[in-house]
Amino acid sequence: MGMALSLGRRGLGRVWPNPNVGCVVVRDGRVLGRGWTADGGRPHAETQALDGIDAKGATVYVTLEPCAHHGKTPPCAEALIAAKVARVVIATGDPDARVAGKGIAMLRGAGIAVNTGVREAGARADLAGFLLRVEQNRPFVTLKLASSFDGRIATATGESKWITGPDARRMVHAMRAQHDAVLVGAGTVRADDPSLTVRDLGYTRQPVRVVASGRLEIEARQLFATIPDAPLWLCHGPNVDAQKWADFGAQTFECAVQGRQIDPVDMMQKLAAQGLTRVFCEGGGSLAASLLGAGLVDEIVGFTAGTMLGAEGTPSIGAMGLDRLVDAPRFELAQIQRVGADLMHRWVRT
């Protein structure tokens with residue numbers, strides 16, 4: 001199962017709207033086949049692992065319950081039955097109403113032994129984006145903050161390139177590649193004119209670039225210039241003429257607003273409806289504060305540089321209106337690592 005989990009992680013950021021599943025086929029202590037969900041979500045991991053092998057009497061380790069419904073491909077449970085495997089070991093069940101125990105029932109009905117719950121915690125962590133989209137109608141959200149030692153993301157004049165070093169920036173690109181989408185606010189677009197693509201890592205499936213802008217008051221030269229390379233989605237408020245942006249090739253989504261800001265809950269529901277399972281938010285401060293305030297941040301990744309910008313610098317998190325410490329969002333330290341001259345620290349929601 002450890003191998004299956006490792007294989008499944010290869011699909012992070014590449015298989016949405018489907019889950020990133022891994023599968024290993026074993027007989028007599030020998031690995032006969034292995035597979036993971038292909039880019040774009042098909043073929044599924046089980047059919048990849050079964051391809052070209054004789055799996056009769058084998059044990060199959062798979063990180064998510066095999067699907068039981070006919071979609072664009074036949075059910076994986078049927079493929080396992082047709083292969084005459086003897087046993088299927090499953091890390092965690094699939095909450096999708098089209099599956100939800102039906103895959104296990106199909107296997108057992110065909111006389112195949114089924115074990116469940118093996119390394120379930122690890123599987124649920126790897127599949128968190130898919131599970132959240134199915135169960136809570138929202139994607140998994142990682143908030144990335146690259147800041148000075150005193151928590152600033154820019155000087156008083158707005159200068160921000162570069163607070164952290166090249167090693168940290170390369171790691172950020174690797175993190176982008178493991179998410180379905182990169183999200184920023186309008187202020188970040190106006191200040192930095194970013195492209196938000198994954199670069200310098202060889203071929204990779206580019207994430208969707210998402211900009212949250214209530215009134216679409218943006219100038220995004222690099223974002224629009226790179227639409228042929230990576231999709232661009234704009235989340236905006238009502239009563240906005242979005243046609244000119246659509247003419248550039250961007251997809252536009254009208255969202256509810258709270259004051260002058262996009263309602264983060266409605267925005268995440270819109271993104272989930274499009275199939276996104278993992279979103280990597282790179283700022284700015286107001287957007288980060290709104291996501292934190294709505295309880296939508298599942299993980300924070302901080303890159304901290306050994307420099308100080310002072311109180312006049314731009315804070316990494318905007319105003320949250322907190323009066324009491326008990327109301328502050330809290331996260332638990334999960335990882336700490338030196339990256340070049342900077343410090344990376346990862347925190348998960350408690």
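Residues are numbered from 1 along each chain as its sequence is written, and side-chain values use heavy atoms, leaving out hydrogens and water. Because the model is predicted, local features need pLDDT of at least 70 and side-chain atom pairs count only at pLDDT 80 or more, while totals for chains, interfaces and linings use all residues.

## Two domains

Let us start with the big picture. The domain assignment gives domain 1 (1-130) and domain 2 (138-349); such bounds come from an automatic or database assignment. Taken over C-alpha atoms, the centres of domain 1 and domain 2 are 33 Å apart. Contact here means heavy atoms within 4.5 Å, and 10 residues from domain 1 and 16 residues from domain 2 take part.

What is the area buried between domain 1 and domain 2? The value is about 1100 Å², with carbon and sulfur atoms giving 55% of that area. Buried area is the accessible area (1.4 Å probe) that two parts lose on being put together, summed over both. On the side of domain 1 that touches domain 2, the residues divide into 5 nonpolar, 3 polar and 2 charged. In this grouping Ala, Val, Leu, Ile, Met, Phe, Trp, Tyr, Cys and Pro count as nonpolar, Asp, Glu, Lys and Arg as charged, and the others, Gly among them, as polar.

Between the two domains there are 0 salt bridges, and 1 residue pair is in polar contact, both residues at pLDDT 80 or more. A salt bridge is a side-chain nitrogen of Lys or Arg within 4 Å of a carboxyl oxygen of Asp or Glu. A polar contact is a pair of N or O atoms within 3.5 Å; within protein, one must be able to donate a hydrogen and the other to accept it, and residues adjacent in sequence count only if both atoms are side-chain atoms.

Helices (H or I, at least four residues) and strands (E, at least two) are DSSP runs, numbered from the N terminus. Buried means under 20% relative accessible area, exposed over 50%, and partly exposed in between (1.4 Å probe, protein chains only).

Why is helix α12 (residues 285-293) largely enclosed by the rest of the structure? The reason is that 7 of its 9 residues are buried. Among them are Gly285, Leu287 and Ala288. Serine 316, in the loop between β16 (314-315) and β17 (331-339), is buried at 12% relative accessible area. Leaving aside neighbours within four places in sequence, serine 316 is in contact with residues including Gly285 and Ala288.

Threonine 37 sits in the loop between β2 (30-36) and α2 (45-50), and is buried with a relative accessible area of 3%. The side chain of threonine 37 reaches the backbone oxygen of proline 19 at 3.2 Å.

Most residues other than glycine have a negative phi, and most peptide bonds are trans. Here are some exceptions. The bond from tryptophan 16 to proline 17 is cis, with omega near 10°, and the bond from lysine 161 to tryptophan 162 is cis, with omega near -5°.

Arginine 119 is not a glycine, yet has a positive phi of about 55°; this residue lies in the loop between β5 (113-116) and α5 (120-126) and is exposed at 51% relative accessible area. Aspartate 193 also has a positive phi, near 45°, but counts as buried at 11% relative accessibility.

## Salt bridges

Side chains of opposite charge can pair when their charged atoms come close. How many salt bridges does a search of the whole structure find? The search finds 13, including these:

| Pair | N to O distance |
|---|---|
| Aspartate 126 and arginine 9 | 2.8 Å |
| Aspartate 193 and arginine 221 | 3.5 Å |
| Glutamate 217 and arginine 215 | 3.7 Å |

Aspartate 193 lies in the loop between α8 and β9 and arginine 221 in helix α9 (residues 221-225), so this pair ties together parts 28 residues apart in sequence. Arginine 221 counts as exposed, at 58% relative accessibility.

For aspartate 126, the relative accessibility is 15%, which counts as buried, whereas arginine 9 is partly exposed at 37%. Finally, Arg138, Asp298 and Arg349 are linked in a network of salt bridges.
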